[in-house]
Amino acid sequence: MRIIYQTMASLSFERNSNNKTVALFFFIFTVTLSLCSPSSVAKLQHFHHRAKADGTLSFLVVGDWGRQGLYNQSEVALQMGIVGEKLDIDFVISTGDNFYDDGLVGVDDPAFHKSFSNIYTAPSLQKQWYNVLGNHDYRGNVLAQLSPILRKKDSRFLCLRSFILTTKIVEFFFVDTTPFVDDYFTNPEDHTYDWRGVLPRQSYLSNLLKDVDSALKRSTAKWKIVVGHHAIKSAGHHGNTQELESQLLPILEENNVDFYLNGHDHCLEHIIDAKSQIQFLTSGGGSKAWIGDIKWWNPGELKLYYDGQGFVSLEITKKVASFSYYDVFGNVLHKWTLSKESDSSV
């Protein structure tokens, strides 16, 4: 846009310029503007994170955590620090619901330090945190949580609605899933949601889906990972998010996504879709968990369901992705390895 305006300003016409020439110029200018309008340009911000010298990547995934240390949040954070040091992690991914119960009141809300900075204090966790918003975050001041002011308070914290993160062999696509859920709009109960930046909703969702689809199609990464708060497939309390099943899942399937990481259900879970072979990893055990809240699921697909607190680690090379689930005591609950060469898992 800046180049277009500069070009126009630099042009001068003689007083006797042919009207047809002027008309042709403005026709071309108008068409150029339409091609460069926001509706036709991808809106997803793009970040790059340098991987280790050998190209490998390791990181932790935690969700549904922000309770000022309560409900074993501090204990989970302790074990994250221990595992993070062993794996020499590059960063941490949060799958949302970063601050309970109702997000942040503003950029100076003490909950930011009480639930984040003062909890994840281990040396290994002083890395970049890439965060998405959860439904509880939308019940507060969303713009505060998205504000760069929080990065000045704690440089680790990066939270955006939707964005892309690229490393040498992996590309991550973070998707804002809360606006997809109809109930938050039609049946909000006693909750108030901050929809600034989302309305009109249908335009927001349509543009987001187009942007994600386009970005996935352009990606040449060896591994493609999509991150959202809400589950697409889950045997937990909330279960499958139907709106994501119908609108987002077909895009993931068409573009050969390897993993979908989510929270929302307060458990640890691993599902392999029999049709697409997408690995669905739920990491929503960052603090309060729901004991015994599980629905039946095909045992051929459900590899793990743990109704307690914990987190997930992933280690990825060009050929192999390995991930492990840990409980609040640091015990390994489940391990899985996916080979890219043969598309087989063990």
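**View 1. The whole chain and its secondary structure.** Helices (H or I, at least four residues) and strands (E, at least two) are DSSP runs, numbered from the N terminus, and by this count the chain has 10 helices and 15 strands. The model is predicted, so that local features need pLDDT of at least 70 and side-chain atom pairs count only at pLDDT 80 or more, whereas totals for chains, interfaces and linings use all residues. Residues are numbered from 1 along each chain as its sequence is written, and side-chain values use heavy atoms, with hydrogens and water left out. Contact means heavy atoms within 4.5 Å, and among the contacts in the chain with a separation of 6 or more, 72% join residues 24 or more positions apart.

**View 2. The largest nonpolar core, with Met 80 and Tyr 120.** A nonpolar core is a set of buried Ala, Val, Leu, Ile, Met, Phe, Trp, Tyr and Cys residues joined through side-chain atoms within 4.5 Å. The largest such core holds 64 residues, of which Met 80 and Tyr 120 touch the most other members. Elements that each supply at least two residues of this core include strand S2 (57–62), helix H3 (73–87) and helix H8 (201–218), and H8 gives the most, with seven residues. Leaving aside neighbours within four places in sequence, the contacts of Met 80 include Leu 60, Val 62, Tyr 120, Trp 129 and Phe 311.

View 3. Two strands pair if DSSP finds at least two bridges between them, and seven strands form an open sheet of mixed pairing in the order S5-S4-S3-S2-S13-S14-S15. S5 and strand S15 (332–339) stand at the edges with a single partner strand each, so one side of each is left without a neighbour in the sheet. Strand S3 (residues 91–94) and strand S4 (residues 128–131) pair in the parallel sense over four bridges, and Ser 94 has Asn 131 in S4 as its bridge partner.

**View 4. Ser 324 in strand S14.** Ser 324 is found in strand S14 and is buried, with a relative accessible area of 8%. Beyond its neighbours within four places in sequence, Ser 324 is in contact with Phe 311, Val 312, Ser 313, His 334 and Lys 335.

Methods:
Buried means under 20% relative accessible area, exposed over 50%, partly exposed in between (1.4 Å probe, protein chains only).
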